[in-house]
Amino acid sequence: MAASAATSLPRVSLPPPRRRTAAFPLASIPARRCRHHLRLRRSPSPVGTAAASSPSVPSSSPEPGSGILGGVEIYSAATGEPVLLRDLWDQNEGMAVVALLRHFGCPCCWELASVLRDTKERFDSAGVKLIAVGVGSPAKARILAERLPFPLEYLYADPERKAYDLLGLYFGIGRTFFNPASVKVFSRFDSLKEAVKNYTIEATPDDRAGVLQQGGMFVFKGKELLYARKDEGTGDHAPLDDVLNICCKVPFV
């Protein structure tokens, strides 16, 4: 990706590789509508290796009757207060697009956030709640919200990457810097350039390991997962048309 020095990532000091062990009831995820994208699998490869890393292993099992997201707690960018991710939309028939950004200091995530912001009117007209989550603190989230800009009421912070772990999103050096899927960014250079006009590296998480996290896109109807796509590499975002097609084709009751 052709990027200026102002948008380059900081040097990364890696912590020791973490081992995450817990059970996750994969069978509870409906796959009929997302079979081409949903590949939540465990892998014996350690987190943080130089090769393309494996999906994260979930850190906890969902609570009984709570749906896939269980008791995952994130933080409102607007207030800094904790909130259960599942409480952000009606768990019976409510529709939600949950976009997990890499981190608030990622230029590609500024681009994705700008696209989601510009598409929000279409989500609203379809009765779909937009929820954007990023790695970092609420203060880091507010930097993105103020400078991009992005509406604070739809932005949330996940500093410990709990939602990313539970949904099995990729993490590691290989996925972040060397994955072939990242070349897609070149086709969106003009969009990226526009999105980072007011970019600042200050939005990068204080925990520098957070820059190795990859994101993903999910569509829920109540507790049911209708669509899931994990970013293969930096800037490898879900096709927005796919997301909109899922939202529009699902009948609202």
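Select Val-98 first: this residue stands opposite Ile-131 in strand 4. The model is predicted, so local features need pLDDT of at least 70 and side-chain atom pairs count only at pLDDT 80 or more, whereas totals for chains, interfaces and linings use all residues. Residues are numbered from 1 along each chain as its sequence is written, and side-chain values use heavy atoms, with hydrogens and water left out.

Next, display strand 3 (residues 95-103) with strand 4 (residues 128-135), which pair in the parallel sense over seven bridges. Strands here are DSSP runs of E, at least two residues, and helices are runs of H or I, at least four, numbered from the N terminus; two strands pair if DSSP finds at least two bridges between them.

Axes are lines fitted to C-alpha atoms, for helices over the stretch in contact (heavy atoms within 4.5 Å), and angles run from 0 to 180 degrees between N-to-C directions.

Finally, select helix 2 (residues 138-147), where the buried residues include Pro-138, Ile-143 and Leu-144. Buried means under 20% relative accessible area (1.4 Å probe, protein chains only). Their cover includes strand 1 (73-76), helix 1 (107-125) and strand 5 (155-157).

Notes. Buried means under 20% relative accessible area, exposed over 50%, partly exposed in between (1.4 Å probe, protein chains only).
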